[in-house]
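Hi everyone, thanks for having me.

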Amino acid sequence: MPRYTVHVRGEWLAVPCRDAQLTVGWLGREAVRRYVKNKPDNGGFASVDEVQFLVRRCKGLGLLDNEDPLEVALEDNEFVEVVIEGDAMSPDFIPSQPEGVYLYSKYREPEKYIALDGNSLTTEDLVSLGQGHYKIKLTPTAEKVVQKSREVIDSIVKEKTVVYGITTGFGKFARTVIPNNKLQELQVNLVRSHSSGVGKPLSPERCRMLLALRINVLAKGYSGISLETLKQVIEAFNASCLPYVPEKGTVGASGDLAPLSHLALGLIGEGKMWSPKSGWADAKYVLQAHGLKPIVLKPKEGLALINGTQMITSLGCEAVERASAIARQADIVAALTLEVLKGTTKAFDTDIHAVRPHRGQIEVAFRFRSLLDSDHHPSEIAESHRFCDRVQDAYTLRCCPQVHGVVNDTIAFVKNIIITELNSATDNPMVFARRGETISGGNFHGEYPAKALDYLAIGVHELAAISERRIERLCNPSLSELPAFLVAEGGLNSGFMIAHCTAAALVSENKALCHPSSVDSLSTSAATEDHVSMGGWAARKALRVVEHTEQVLAIELLAACQGIEFLRPLRTTTPLEKVYDLVRSVVRPWIKDRFMAPDIEAAHRLLLEQKVWQVASPYIEKYRMEHIPESRPVSPTAFSLEFLHKKSSKIPESEEL
């Protein structure tokens with residue numbers, strides 16, 4: 001007999017159907033009837049027959065025709081949502097899907113796997129896992145160390161040894177010994193009580209990253225989880241069954257307890273869970289729909305699932321990867337602005353930077369030369385002011401290597417810490433199978449990633465701050481020699497006037513967000529946990545700073561391309577013309593005022609997807625290869641991380657550089 005799981009006003013109802021010829025309208029009406037039946041006030045309805053509603057699939061939110069037979073419209077055990085007329089504006093309305101559900105409607109289950117061993121996960125790997133590009137499996141070595149670790153826990157339980165978190169309570173209750181017949185209940189109670197987060201749930205991508213990272217840490221073999229349970233966690237990840245994890249509630253020591261508890265809660269079949277097939281639903285229904293069973297926790301396993309810095313680190317991983325992407329593209333955007341403002345390239349001379357040899361500064365100056373070198377890429381714009389009387393440019397142009405450079409070095413420093421944290425055991429107590437014992441320590445403390453991510457926010461913000469000042473120069477006719485606000489018929493048209501205001505607002509907001517969260521600490525757990533990192537907020541605000549920086553640079557990119565329009569028919573260098581063409585493929589020139597927000601979003605999308613880097617980087621790397629002296633070994637400084645991991649994009653052979 002077919003059965004459907006129906007979402008009505010935040011509740012999930014299992015509705016069996018004896019006759020597949022019944023209609024979608026019948027299913028909606030029956031779900032409303034069952035919903036009303038459980039309400040003392042009939043859900044506020046005088047009669048079920050008077051209720052007006054729509055029925056839609058949870059996957060992709062496609063509307064269904066109430067007259068269609070169920071056997072035609074739906075698959076067995078499909079998840080659907082009944083939206084009652086007027087509820088969208090009601091406080092009782094809880095959507096069944098995360099924001100941006102259209103992004104998941106085309107989700108395809110990946111075929112490729114990443115093998116995790118707890119020691120070799122990269123930031124790029126974790127982001128790819130978050131994006132749903134891979135499934136997970138364990139290496140044979142990881143399986144063996146997990147089994148050895150579990151044997152230690154089984155021995156402790158069998159011998160009734162008193163060990164924190166295994167046969168005792170937690171935190172202030174560490175001295176309370178728990179009898180063996182209550183050890184499983186202890187672990188379930190731990191997960192339930194610690195699931196106390198608030199705020200919006202993590203997006204599916206971020207929840208995938210969190211779950212994947214916890215799997216990687218468990219695979220190290222210091223947590224004491226059983227191989228059976230770990231494989232169940234992996235099955236849930238591979239089916240994209242993702243628990244409801246509120247973004248707020250962690251103080252970053254003892255680990256990210258609240259968010260990781262919500263993660264574990266879904267895995268044991270309680271709370272809410274999301275999958276592309278179901279949308280948000282009760283976890284037990286989502287697991288069942290994917291042929292999975294809730295995890296039954298053994299001694300120590302609840303603690304193994306929730307003790308660690310994975311919330312801070314997974315969000316930090318996304319922040320550092322996006323920061324790397326926007327930092328290298330910021331050089332390209334700034335180079336385009338310099339061309340439009342008819343700046344000089346003398347400040348990027350090799351000798352200037354050789355006498356102050358910071359790695360990031362040298363790399364940024366090199367990128368500017370590779371994009372602007374008139375001997376390599378003739379520029380009609382540069383030629384038009386070759387003999388002008390300007391000696392030097394404003395700092396926002398001249399000092400890009402020094403300002404952008406330290407941002408690159410900051411990102412490299414933070415990335416090193418995040419990579420170490422990705423592959424670190426952060427449990428308590430730690431299980432050392434080779435010694436046959438457990439040891440209590442403090443690896444769960446989030447101070448390392450918290451401090452690093454505060455530093456990241458401060459560093460990346462400077463890209464936005466200097467970009468906003470360049471936007472001002474582009475829009476101000478007394479500084480740019482271009483029409484005011486980059487538009488014809490000023491007065492009738494306002495052009496980029498308020499786009500610049502938006503950039504200024506984002507920069508101002510960043511200044512507040514750059515206040516370090518890790519300088520704060522509040523004692524918790526009855527003074528047992530008397531110093532904490534506040535790393536969860538450090539990670540979330542670092543992501544916000546990075547996003548604001550992307551948006552400010554998107555506005556600068558649009559403004560610089562608009563400035564090019566007023567210099568035509570003169571052309572800039574070949575790589576910068578390619579960047580201009582890319583922007584014009586999604587945003588047309590600004591002839592008169594129009595709705596601007598979609599243009600900013602389109603430019604932001606180009607930066608998010610690293611399209612700007614992809615069109616310019618082949619020219620940068622070709623220039624690099626042509627300027628490496630063959631008579632001496634190549635200094636590590638000469639190569640950026642981007643070169644070592646560059647994409648396979650090539651310059652068309654027909655193009656002369």
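Let's start at Gly 28: is this residue buried or exposed? Gly 28 has a relative accessible area of 1%, and anything under 20% counts as buried, so Gly 28 is buried. Keep in mind that we're looking at a predicted model. You'll find Gly 28 in helix α1, which covers residues 24-37. Which residues does Gly 28 touch, if we skip its neighbours within four places in sequence? The answer is Phe 53, Val 55 and Val 82. And here's a distance to picture: Ala 174 is 146 residues away from Gly 28 along the chain, and the C-alpha atoms of the two are separated by 51 Å.

Okay, next stop, Thr 139. This one sits in a loop, with β6 (135-138) on one side and α4 (140-159) on the other. Thr 139 has 17% relative accessibility, and since that is under the 20% cut-off, Thr 139 counts as buried too. If we again leave out residues up to four places away in sequence, Thr 139 touches Ala 115, Leu 116 and Asp 117.

Now for a sheet. Look for three strands in the order β8-β10-β11: they form an open sheet with antiparallel pairing. β8 (242-243) and β11 (279-282) are the edge strands, and each has a single partner, so one side of each has no neighbour in the sheet. Let's zoom in on β8 and β10, where β10 is residues 272-275: the two run antiparallel and are joined by 2 bridges.

Last part: a pair of helices. In general, you describe two packed helices by the angle between their axes and the distance between those axes. So let's do that for α19 (residues 497-513) and α20 (residues 535-565): their axes come within 9 Å and cross at roughly 160°. An angle over 145 degrees counts as roughly antiparallel, so that's what we call α19 and α20. Their crossing is left-handed. Who makes the contact? On the α19 side, the residues include Ala 499, Leu 506 and Glu 509, and on the α20 side they include Trp 537, Arg 544 and Ile 555. Sorted by class, the contact between α19 and α20 has 9 nonpolar, 5 polar and 3 charged residues.

Key. Residues numbered from 1 in each chain as written. Predicted model: local features only at pLDDT ≥ 70, side-chain atom pairs only at ≥ 80, totals over all residues. Heavy atoms only, no water. Axes fitted to C-alpha atoms, helices over the stretch in contact; angles between N-to-C directions. Helix = DSSP H or I, 4+ residues; strand = E, 2+ residues; numbered from the N terminus. Parallel < 35°, antiparallel > 145°, perpendicular 65-115°, else oblique. Left-handed = near helix turned anticlockwise from the far one by under 90°. Contact = heavy atoms within 4.5 Å. Nonpolar A, V, L, I, M, F, W, Y, C, P; charged D, E, K, R; others polar. Pairing = 2+ DSSP bridges. Buried < 20%, exposed > 50% of the residue type's maximum accessible area, 1.4 Å probe, protein only.
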